[in-house]
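User: I am new to this structure. Please walk me through the terms used for it.

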Amino acid sequence: MMITSTADLAAACARFARSPFVTVDTEFLRETTFWPKLCVVQLADEEGPVVVDALAPDIDLQPLFELMANEGVLKVFHAGRQDIEIFHHLAGLVPHPVFDTQIAAMVLGFGDSVSYDQLVQRTTGVTLDKSSRFTDWSRRPLSDDQVTYAIADVTHLRTVYAKLSADLVKRGRAEWLVEEMEVLTSPATYRAEPDEAWQRFRSRVKKQRDLAVLMEVAAWREREAQGRDVPRSRVLKDDALLEVATRAPKTAEALGGLRTFPRGYERSRAGQEILEAVARGLALDPAGLPEIDRDRGAAGANPATVELLKVLLRMIAEQNAVAAKIIANSDDLERIAADDAAEVPAMHGWRRELFGEKALKLKAGELALAVERGRVVTLARDPAEDGPLPAPQPRRRRGGRGERFAEPASAPVAGD
């Protein structure tokens, strides 16, 4: 059950290679590093589970990497993005094919981002002991409780996978999950490109000059964090990064005078490199920069339209037992409100069929929302037949003593 040698790992992976699927989970540490430090890998098929000590002296994980790349074996994860990121970093590969039970649960209406223990309880009735979740997985030897916890994370996953997979087929949603797995298994999902680091803050800057400086300083921080293998905040905290972008200091004195900047940091090598990054940002041609409003997607979006789209989304999610989050997010709705041709997931594939087409009809006035017996429903309407909406009625103004009514400008005066 516990694997600490390359030979035992190769034998276990050879067995898994003959199985149609294998459940996978990892335990890792990331509090003090940029890249996750892999400590334990647990796997299971119908024959049983194994726990791989990834920190065992001289163990070679190559057999495990080959299993992850084996197209004949389905790899089953729960919320597997961070697990997959580990394999991408260590071996330069993305496991494939993949089935993520958290995403499958969202497609089947279990709610947004349901946790593993909740999903196990709801599908099998078993209550898991999660007390070892935050233990130190780098300490050796592993405790019996840790090993038991690790095994439970992949043994119950077999039952969860079987039930969700069957339900997807029964409800005709298997292809929906295939689309989701294409994103999860795309190598682009796991590339931490320094030049794209500014995207995390794209909605936090208002001016093109600020954006230019942000792009350069964020790229510097990303390269520094990756090269030193430390968290980004260990290099420069987010609030300091944003203050540098908006204030654009040109001297060490100006840099040190920033409210959020670490005292004395301006005289270090890093301080000098930040000033150089600021200078590069200020030298960028504004014409070549992304348009802030367009990138944020809210330009031209009528707030009332966005709110109606939110109601429509919730209604459709409830009616079809699908998590609203997997159909569209707030940014998607703002983009759809502003542009019928918005390039967002909600306007493609099964999402468009389920929600996108109705969203466009709602915007065009071909669909109305109403309340029927306490539930929101949609009503088809023909704007041409219905004619224009009635003019707003005069509103009463309250002013205490001497209360008056607001009259239309064309209302006749008494006594005329």
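Analyst: Start with Cys13. This is a predicted model, and in it Cys13 has a relative accessible area of 6%.

User: Why is Cys13 called buried?

Analyst: Buried means under 20% relative accessible area. Cys13 has 6%, so Cys13 is buried. Cys39 has 0% relative accessibility, so Cys39 counts as buried too.

User: How many disulfides are there?

Analyst: The count is zero. A disulfide needs a pair of cysteine sulfur atoms within 2.5 Å.

User: What makes Asp58 exposed or buried?

Analyst: Exposed means over 50%. Asp58 has 76% relative accessibility, so Asp58 counts as exposed. Asp58 lies in the loop between strand E4 and helix H2. Its phi is positive, about 70°, although Asp58 is not a glycine.

User: Why is Asp229 called partly exposed?

Analyst: Asp229 has 29%, so Asp229 counts as partly exposed. Asp229 sits in the loop between helix H8 and helix H9. Phi of Asp229 is near 55°, a positive value.

User: Which residues does a cis peptide bond with omega of about -5° join?

Analyst: That bond joins His96 and Pro97. Pro97 is in the loop between helix H3 and strand E6. Another cis peptide bond, with omega of about 5°, joins Arg140 and Pro141. Pro141 is in the loop between helix H5 and helix H6.

Technical notes
Residues are numbered from 1 along each chain as its sequence is written. This is a predicted model: local features need pLDDT of at least 70, side-chain atom pairs count only at pLDDT 80 or more; totals for chains, interfaces and linings use all residues. Side-chain values use heavy atoms; hydrogens and water are left out. Buried means under 20% relative accessible area, exposed over 50%, partly exposed in between (1.4 Å probe, protein chains only). Helices (H or I, at least four residues) and strands (E, at least two) are DSSP runs, numbered from the N terminus.
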